[in-house]
Amino acid sequence: MNKIIQPLKKRKAWNALSKHFKTMRGAHLRNLFAKDPKRGERLTAEAAGLYLDYSKNRVTDTTLKLLVQLANESGLRTKIGAMFGGEKINVTENRAVLHVALRAPRKAAIFTDGKNVVPEVHEVLDRMEAFFKSIQSGEWKGYTGKRIKNIVNIGIGGSDLGPVMAYEALKHYSERSMTFRFVSNVDGIDFVEATRDLDPAETLFIISSKTFTTLETMTNAQSARDWLLAGLGGDVKAVAKHFVAVSTNAKKVSEFGIDTANMFGFWDWVGGRYSMDSAIGLSTLLAIGPENFRALLAGFHEMDEHFRTAPFEKNLPVLLGLLNVWNTNFLGAETVAVLPYEQYLKRFPAYLQQLTMESNGKHVTLAGKKVNYSTGPIYWGEPGTNGQHSFYQLIHQGTRLIPCDFIAFGQALTPLGRHHDILLANVFAQAEALAFGKTAEEVKAEGTAVALVPHRVFEGNRPSNVILAPKLTPEVLGKLIALYEHNVFVQGVIWNIDSFDQWGVELGKVLAQRIVPELESKTEPALKHDSSTNHLIRRYRKMK
């Protein structure tokens with residue numbers, strides 16, 4: 001970690017890539033495939049049960065060789081070792097980055113500050129499993145003696161996006177006799193709609209906040225407490241029977257009325273957006289059961305080990321990360337579309353938005369110097385085939401280059417007639433169409449009127465990856481998430497930024513805390529904001 005890494009634009013491989021790009025500027029995927037008939041078989045990689053076809057990227061063997069050289073010159077191998085070794089690579093917060101420890105086997109040893117953290121991880125997992133059994137068996141009863149039938153997770157950011165995504169992704173494996181709801185937005189509608197049809201006597205709330213002070217989460221938690229007590233006669237003893245906490249602040253948890261024996265902790269070396277396989281995943285475990293949750297963790301771990309040990313040339317997260325750097329910094333792409341052709345993954349793009357953009361949306365290097373290159377592309381997407389009837393028009397014929405990740409599965413979880421064949425046909429067709437397009441000559445040959453020809457031309461040459469797995473299982477979901485986690489890390493290492501802090505979320509939150517009392521004041525407050533903010537506050541106060 002002490003080896004001095006040259007600034008990005010001074011690295012030999014970066015300059016070689018810049019020269020190489022000039023020769024690639026006019027390259028088209030049509031020609032690259034024509035010159036190399038086996039390209040679609042060669043430019044692939046397979047590991048941990050995932051198959052990656054990256055042949056439809058605008059790269060050659062030379063491009064890939066130089067990208068791997070860039071990874072080496074950026075110290076990627078050393079930094080992978082530093083992360084897995086518990087070094088404090090989150091430099092602005094002086095913290096280790098050990099989400100990989102959350103899914104390490106019980107007998108593994110991963111150290112930070114001289115302490116093996118794995119035993120503590122498994123102690124929490126064991127407590128989560130015991131809690132599941134108490135809910136499932138009916139041993140845990142609500143205040144009135146009724147069984148718990150409804151679970152409401154209250155959190156925000158990583159305390160919500162991961163659990164929501166995992167619940168939706170693994171709904172096929174979930175306990176359907178129970179109802180699971182998720183509340184994150186401080187907009188009261190979110191809480192009201194989540195609880196409208198629930199019986200307080202049968203409802204358990206999981207309050208997920210490391211500090212137990214997050215404004216949105218604790219506002220919703222207080223409303224949940226009020227809702228529960230209003231429905232159960234007002235006895236504060238009911239709180240302990242209907243609330244558990246995922247937190248590290250025992251004092252605040254106890255003050256709220258939650259028994260600290262029902263507090264599930266995690267650690268400062270786990271970033272929120274990397275925490276869904278910690279106690280933050282308690283709702284996931286309650287939904288799919290311990291066996292499936294362990295399979296999810298095993299999938300994470302298998303991809304972790306592949307990332308840690310595989311040569312860069314065949315390393316799935318490394319390849320994805322390097323291709324993203326190429327597309328972002330050389331081809332000028334500003335976004336990445338993630339397009340799962342699997343309805344259960346409908347929340348996967350939203351989950352990746354936080355994972356990727358909170359991680360790499362940075363404008364300074366690790367040393368605090370302003371970058372002079374692009375970082376952190378915008379991630380977005382929707383499930384196929386829905387997206388084909390909305391934004392694919394822009395991807396195919398718009399003026400912006402939008403690399404795409406298509407995610408698909410060989411087997412349907414819910415087979416129904418021809419549906420899955422049609423679904424997969426669309427995956428392959430879209431990737432093919434983006435790469436090769438349709439020329440004016442091809443359009444004319446179809447008998448198209450001359451005036452319409454330009455409108456029906458597809459330029460093609462739009463890069464994409466296709467990620468295939470046999471079936472969406474808990475294990476495969478873990479592999480997919482870890483694939484993108486490490487892809488993010490690779491990009492951050494190349495760009496020499498801290499992928500594990502998130503100072504950008506702080507300023508607005510601090511200002512909001514200042515404005516709240518100004519909105520609630522019974523008397524006209526003395527406002528000291530800018531003229532726009534002052535005027536908006538006054539206008540809102542009149543509208544209340």
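The questions and answers below concern aromatic rings in a predicted model.

Visitor: How many aromatic pairs does a search of the whole structure find?

Guide: Two rings count as a pair if their centres lie within 6.5 Å. When the whole structure is searched on that basis, the number of aromatic pairs found is 25.

Visitor: Are the planes of Phe243 and Phe256 stacked, tilted or edge-to-face?

Guide: The ring centres of Phe243 and Phe256 are 5.4 Å apart, and the planes stand at 65°. Planes over 60 degrees apart count as edge-to-face. The angle therefore makes this pair edge-to-face.

Visitor: Which parts of the chain does that pair link, and how many residues apart are they?

Guide: Phe243 belongs to strand S8, which covers residues 243–246, while Phe256 belongs to helix H11, which covers residues 250–256. The pair thus links distant parts of the chain, and the separation between its two members is 13 residues.

Visitor: Is Phe256 buried or exposed?

Guide: A residue counts as buried when its relative accessible area is under 20%. Phe256 has a relative accessible area of 8%, so Phe256 is buried.

Visitor: Which residue lies over the face of Phe256?

Guide: A charge can sit over a ring if, among other conditions, CZ of Arg is within 6 Å of the ring centre. At 5.7 Å from the ring centre of Phe256, the residue over its face is Arg225.

Visitor: Where does Phe500 lie, given that Phe489 lies in helix H19?

Guide: Phe489 and Phe500 form a tilted aromatic pair, with 6.0 Å from centre to centre and 40° between the planes. Both residues are buried. The pair ties together parts that are 11 residues apart in sequence, because Phe489 is in helix H19 and Phe500 is in the loop between H19 and helix H20.

Key:
Residues are numbered from 1 along each chain as its sequence is written. This is a predicted model: local features need pLDDT of at least 70, side-chain atom pairs count only at pLDDT 80 or more; totals for chains, interfaces and linings use all residues. Side-chain values use heavy atoms; hydrogens and water are left out. Rings of Phe, Tyr and Trp (its six-membered ring) pair if their centres lie within 6.5 Å; planes under 30 degrees apart count as stacked, over 60 as edge-to-face and the rest as tilted. Helices (H or I, at least four residues) and strands (E, at least two) are DSSP runs, numbered from the N terminus. Buried means under 20% relative accessible area, exposed over 50%, partly exposed in between (1.4 Å probe, protein chains only). A charge sits over a ring if NZ of Lys or CZ of Arg is within 6 Å of the ring centre and within 35 degrees of the ring normal.
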